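This report describes selected features of a protein model.

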Amino acid sequence: MRTARRVEASCDLRRSVDEPAAFSAFYREHATRLLAFVARRTFDVEVARDLTAEAFAQAFRSRRRFRGTTDDEAAAWLYAIARHLLSRYVRRGVVERRAIEQLGIRMPALEAGDYERVVQLAGLAEIRAAVSEAFERLRPDQRDAVRLRVIDELSYGEIAARLAISEPNARARVSRGLRQLAEALEAAPQIPEVTT
Amino acid sequence: MNSESDGPVFLAQLGDELARVAQGEAARRGAAPRSWRTPRTALAAVAGAVLVAGALATVLASIPPDAPRVVQRQAARPLRRAPATAPVVSGSAVRSLLQQSSRVSCYGALRVQLRQHRFPPYLIFRTYNVGALVLTNVTPHACDVAGYPALRLRDKHGRRLSPRVVHDPGDDVAVTLQPGQRARSQLIFTSASIPSIAPDAAPCTTPARVRIRLPTIPGSFLLRWRLGPVCDRGTIRVQPLR
């Protein structure tokens, strides 16, 4: 049974359990795409770099726990780690660095052109343009509510007081505005897919 | 994959770092494969193989000769796919996008210092001390900080001091720092235990280091503590950055 699985296990992550050097191939295959993935979700180049590094460091550290055999499964496993780190980052505002520190990885500095390269790689400028365009196209009452809630971070009670509406009404306006932004982003044709 | 030449430079460096770590691990492990390193693992594996063979023989013997042949397969696992990197539409992404159109985090832009408050000499018998955490924007761009800093104090033996942290009420709003501008958070903490006034605050020792985390900034800052003794069971009142 074990030998059968060995033969089947052609993916780099699986191989790296016995030959750690194979992890480099796994990194090369997924690094650019994962960086674009986290950059699109954080819109912050430095945080994206740290999250990418920590995701790979955690993948390396716990690669023996990976139970899949194919490249697709390895990618899914890596993205699950990245998603987990992302959600922790969103909740706590801090990038976890435990695996980076444990493995003694020296974090590379960002070169002058790296900001532009990541912005280009992840298509951040296009997304930014699409969001601000969609934001301008919102109904004025929804736009005000979204601005007070998301940019000024006011509570719904305060928004209601400012706009002289009820609190449930304020919630509804913010929620509808955000949903429309999301729909506009989804429909935006000019945002290219990140190819690998 | 996009060709590496036009990708970010740090990505290649990060790859080199990971390769170095992997090489180090391979060197530590030596030539022997992991599972056969110790005689005990080898023994356990042999014993396991014998047991499995025995069990298999029993099962095979129990199947009648004309029973239909069952192809043994693992239970199908739902195949998880790597997510497409299509445009992001999550609420948090939209939120951070819109916030960033007006705000920039001070990540990597700050010099962090501790300043001691100078008391008039007649207050020499006070049981508290006052200092300030001062953040200076050292980049040529404006950026924002906000919230209450978190402090973790350790004495010279590495023992953690745990005074009660109280957040002073105040406006917890984002402060925009223009280049060269400063934000402060005042710290008021119990620094002496005088039996008749503050008997419960002891023991009071001078911390060696303080680790500071700021709510909107990843990572932490490690500073030498220069504000005198802090009482382990005293309080430390922290004001929001402003």
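This is a predicted model: local features need pLDDT of at least 70, side-chain atom pairs count only at pLDDT 80 or more; totals for chains, interfaces and linings use all residues.

A charge sits over a ring if NZ of Lys or CZ of Arg is within 6 Å of the ring centre and within 35 degrees of the ring normal. R63(A) lies over the face of F60(A), 4.2 Å from the ring centre. R149(A) is placed over the face of Y156(A), at 4.5 Å from the ring centre.

**Aromatic pairs**

The ring of F60(A) also takes part in a cluster, in which ring pairs link F60(A) with F23(A), F26(A), Y27(A) and F56(A). Over all chains, a search of the whole structure finds eight aromatic pairs. A pair of aromatic rings is described by the distance of the centres and the angle of the planes. For F66(A) and W77(A), the ring centres are 5.4 Å apart and the planes stand at 50°, so the pair is tilted. F66(A) belongs to the loop between α4 (45-61) and α5 (71-92) of chain A, while W77(A) lies in helix α5 of chain A, so the pair ties together parts that are eleven residues apart in sequence. Are these two residues buried or exposed? Buried means under 20% relative accessible area. F66(A) counts as buried because its relative accessibility is 3%. W77(A), at 14% relative accessibility, also counts as buried.

D114(A) is found in helix α7 of chain A, which covers residues 114-121. With a relative accessible area of 0%, D114(A) is buried. Which backbone atom does the side chain of D114(A) reach? The side chain of D114(A) reaches the backbone nitrogen of F10(B), at 3.3 Å. Leaving aside residues up to four places away in sequence, D114(A) touches P8(B), V9(B) and F10(B) of chain B, as well as A109(A) of chain A.

**Chain B and its five-stranded sheet**

Chain B contains three helices and 13 strands. Of its 242 residues, 33% count as buried. Among contacts in chain B between residues at least 6 apart in sequence, 77% join residues at least 24 apart.

Five strands of chain B form an open sheet in the order β1-β2-β8-β13-β6, with mixed pairing. At the edges stand β1 (110-116) and β6 (164-167) of chain B, each with a single partner strand, so one side of each is left without a neighbour in the sheet. From one strand to the next, the twist averages 20°.

| Strand pair | Sense | Bridges |
|---|---|---|
| β1(B) and β2(B) (residues 128-137) | antiparallel | seven |
| β2(B) and β8(B) (residues 182-190) | antiparallel | nine |
| β8(B) and β13(B) (residues 235-238) | antiparallel | three |

Individual bridge partners can be followed across these strands. V112(B) has L135(B) in β2(B) as its bridge partner. What is the bridge partner of L135(B) in β8(B)? In β8(B), L135(B) is partnered by A183(B).

Methods. Residues are numbered from 1 along each chain as its sequence is written. Chains are lettered from A and ligands numbered from 1 in the order in which they are written. Side-chain values use heavy atoms; hydrogens and water are left out. Helices (H or I, at least four residues) and strands (E, at least two) are DSSP runs, numbered from the N terminus. Buried means under 20% relative accessible area, exposed over 50%, partly exposed in between (1.4 Å probe, protein chains only). A polar contact is a pair of N or O atoms within 3.5 Å; within protein, one must be able to donate a hydrogen and the other to accept it, and residues adjacent in sequence count only if both atoms are side-chain atoms. Contact means heavy atoms within 4.5 Å. Rings of Phe, Tyr and Trp (its six-membered ring) pair if their centres lie within 6.5 Å; planes under 30 degrees apart count as stacked, over 60 as edge-to-face and the rest as tilted. Two strands pair if DSSP finds at least two bridges between them. Axes are lines fitted to C-alpha atoms, for helices over the stretch in contact, and angles run from 0 to 180 degrees between N-to-C directions.
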